[in-house]
Each structure stands twice: as C-alpha cells, then as structure tokens.
Amino acid sequence: MSVANHVDHAPVVSESKGQAERDRLRMMMLIRRFEERTYQEYTKPGQKIGGFCHLYSGQEAVAVGIASIFQKGKDYLINAYRCHGHSLALGMDPRAAMAELFGKATGCSKGKGGSMHFFQAEVGNLGGHGIVGGHIPLGLGTAFAQMYKKTGGVTFCLFGDGAINQGTFNEALNMASLYKVPAIFIVENNGVAMGTQVARASAEPELAKRASGYHMPYRAIDGNDIDTVIAEMNEAAQRGRRGEGPTFLVANTYRFRGHSMSDAMKYRSKEEMEQAKLRDPISLYEIRLREKGLLTDEQADAMEEEVAEVVADAVRQADVDPHPMLEDRFNDVLAEQYPLQK
Ligand SMILES: Cc1ncc(C[n+]2csc(CCOP(=O)(O)OP(=O)(O)O)c2C)c(N)n1
Ligand SMILES: [Mg+2]
C-alpha cells in the first residue's frame, strides 16, 4: 500500500512507540493480501479452491477493531459466511485458513468446512455460518450462557445489512434486550445484500434505528475507521460486562470485491467504486499513523513484504498438505467433540 509523499517532513519514529498500532495495520494488510491471493487462486486455471467464497477486502477495520478488544478464552465471536478476516484477526494461523480453502486436512475445520465455515473454538471463534441470519439466535444463546455462568465474557455477533430483514434478527434482539444478555450485535453494512441495495430492502434505510423497538442503545459508526470501531466496540463491551445488556452497532463500510466469486458487480458504477477507494480503511490508517509519527515508509514497505510472504507460504503449504481421509468423513461433525469454554 503506497501512500507516498503525503507527509513532507516525516517525524522521527521510535521502535516500540506505536507497536500496537502497527500490529493492527499489519493485520489489516495481512487480511487484504490473504483475500486478494484467494481471489487469484480461485480464478486461475487449475483452480484449487472450490465452493462458495466471499471475500472481506474493504471491511478489514471492523474485524481488526473488534480483535483489538476481544478477550480470548472469555469472549465469543459468531459470524456470517464472510469470515476469513475475523478469523485471521483473532489469531488463526494463515496456513490453517488457506488449507481450509484448499479443502485440506490441516485446515481450521479439517478441510470439511471451506470458506464459509472457519472456526477456532478454543479462542472463542464460533464461525462461519452460511444461512443468512441463521446464527443471530446462536449469538443470543452464547451471550445468555455467558450471563448465566457469570463468565464476564461478551458475544460479538456479526452479520450483514441483508440479514437484518430476517425474522431471526428481530426475535433475537427482542429476547437479548429482555434478558439483558452481554451481546454486541454488529451489522457490517457494506450497502448491499448480494446486489440489492439497502434502500430497496429495508423500509427504514437508517439501519441503526431498526433497534429502536428493542430498547437497547444503537448507533451507526464509521466502519472504515479502526479507531472509531475500537472505541465503540469497547464501550459496548463494557456495558455488556457490567450487566447492562446488549448494544446494536451499524458499522458502515464497503466491500471492494463482488458478493462471491461469480459476481460481476454490474450494480455498481465506476464512480461509486472510485469514491469508495478513497475511504480504504488500510490507507486511512496508514495515513493517520504516519501523521502521528508512528510509521515510516520503510516500516510500511517491510510489512507489505512480510505479509505477502506469509500468505505465499500459506498457499505453498496448502498445496502440498494432505486431503482429509475418507474414513474421517463422519468425525468432528458433532458439537460435543468441540467442548466450548467451561
Ligand atoms: C436464509 C438465506 N437466504 C438467502 C441466502 C442467499 N444469500 C447468501 S448471501 C446473501 C446476501 C446477504 O447479504 P448481507 O447480509 O448484506 O451480507 P454481505 O454478503 O453483504 O456480507 C443471500 C441473499 C442464504 N444464504 N440464506
Ligand atoms: Mg451486505
């Protein structure tokens, strides 16, 4: 990512100052590189990735912002099918992620889940769900368990703007508020459900207001600004941890790729996409860190190179890893074989 010459007199950058910020930037870069490489691997001749595949490019600030405050082993994150970014942000090994896309036994779901079903139960990453809105009641359930068992954990339940028109959304939010469960319901509003624009699907186009009937705090936030995401998620998580109930946040963002791999994006104009690129969450954060004196050109270039190599290594490894064994086809498909945190 080159943001050349926007600071004429770059401040001196100390080694450790800003390390946390640079780690966040690196993670956003890693996710972007992972997704773009996935696109290449999916579309090239001799394609080795199959099945549905939904890329997260453009929305990285939401996942990395949440991961910045997520308490591993205590909190839960449950998600729809656009789940590569969140999984990497929560610390999934890129090899395990790429191997899953290649359908290999070394994948995070042992090669049986694919793109839509990335899981890492031991850190609280509960996937990866393909039915639009289907996992929202599950997020209500895990938050209820956290409250009931007094774990102090919260559930980050993420879904798209299309999912809030499902009955499950409305049923789950009502019950979540009634029981005051520690959930944060997060819409990643990329403006479209496949190709259907929000205004054509939601009678109330200001999506945050959709929670007003459920007596919980709600807010629309800039989902491309990672600092905003962190601040808002933190406030919502604190509410949950204090036993004050759920929060509804609409993170406004944009996806740079099509809905899935077969989408030519005819519903988008060139102008719209050019405008969106100006608000690329990675460029925005890079600029901010340079202005604060927390990032040099050399550091940014080194990070780009390093994440490219991490992803290239993941692809090389996935390519040679073994496929699942036929005799394992019925193993690991039952929940009791993956006990959640006590
Ligand atoms: C119940 C159900 N209906 C329809 C589909 C087909 N479908 C898959 S993704 C999608 C669009 C969802 O859009 P949104 O919730 O905005 O998420 P995004 O893809 O933008 O991240 C649809 C209709 C599905 N998977 N499940
Ligand atoms: Mg959407």
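Helix 11 buries Ala-300, Met-303, Val-307, Val-311, Ala-314, Val-315 and Ala-318. Keep in mind that this is a predicted model. The protein chain averages a pLDDT of 94, and 93% of the residues score at least 70. Residues 1–9 are another story: the pLDDT there is below 50, and beyond near neighbours in sequence this stretch has 14 contacts in the model.

**Helix 11**

- Helix 11 runs over residues 297–320, which makes 24 residues.
- At 1.5 Å a residue, helix 11 should span 34 Å, and its end C-alpha atoms sit 35 Å apart, so the two figures agree.
- The cover over its buried residues, Met-303 and Val-311 among them, includes helix 1 (19–43), helix 4 (94–101) and helix 10 (281–291).

**Helix 5 and what follows**

- Just after helix 5, Lys-150 takes a positive phi of about 50 degrees.

**Ligand 1**

- There are 14 residues around ligand 1, and Val-132, Gly-160, Gly-162, Ala-163 and Ala-193 come nearest.
- Strand 2 (155–160) and strand 4 (192–193) are the elements that give two or more residues to this shell.
- Sorted by class, the shell around ligand 1 holds seven nonpolar, five polar and two charged residues.

**Backbone spots to look at**

- Going from Gly-127 to Gly-128, the peptide bond is cis, with omega near 20 degrees.
- Gly-128 belongs to the loop between helix 4 and helix 5 (136–148).
- Lys-150 has phi near 50 degrees, a positive value in a residue other than glycine. Its place is the loop between helix 5 and strand 2.
- Is Lys-150 buried or exposed? Lys-150 has 8 other C-beta atoms within 10 Å, and a residue with 12 or fewer counts as exposed, so Lys-150 is exposed.
- Lys-180 is not a glycine either, yet its phi is positive, at about 55 degrees. You'll find Lys-180 in the loop between helix 6 (167–179) and strand 3 (183–189).
- Lys-180 has 17 other C-beta atoms within 10 Å, so it is partly exposed.

**Phe-70**

- Phe-70 sits in the loop between helix 2 (60–69) and strand 1.
- With 24 other C-beta atoms within 10 Å, Phe-70 is buried, because the cut-off for that is 20 or more.
- Which residues does Phe-70 touch, not counting residues up to four places away in sequence? They are Asp-75, Leu-77, Leu-90 and Phe-156.
- Phe-70 and Leu-249 are 179 residues apart along the chain, and their C-alpha atoms are separated by 16 Å.

Methods: Residues numbered from 1 in each chain as written. Chains lettered and ligands numbered in written order. Predicted model: local features only at pLDDT ≥ 70, side-chain atom pairs only at ≥ 80, totals over all residues. Near = placed C-beta within 6 Å. Helix = DSSP H or I, 4+ residues; strand = E, 2+ residues; numbered from the N terminus. Nonpolar A, V, L, I, M, F, W, Y, C, P; charged D, E, K, R; others polar. Expected span 1.5 Å × (residues − 1). Contact = placed C-beta atoms within 7 Å. pLDDT = per-residue confidence, 0-100.
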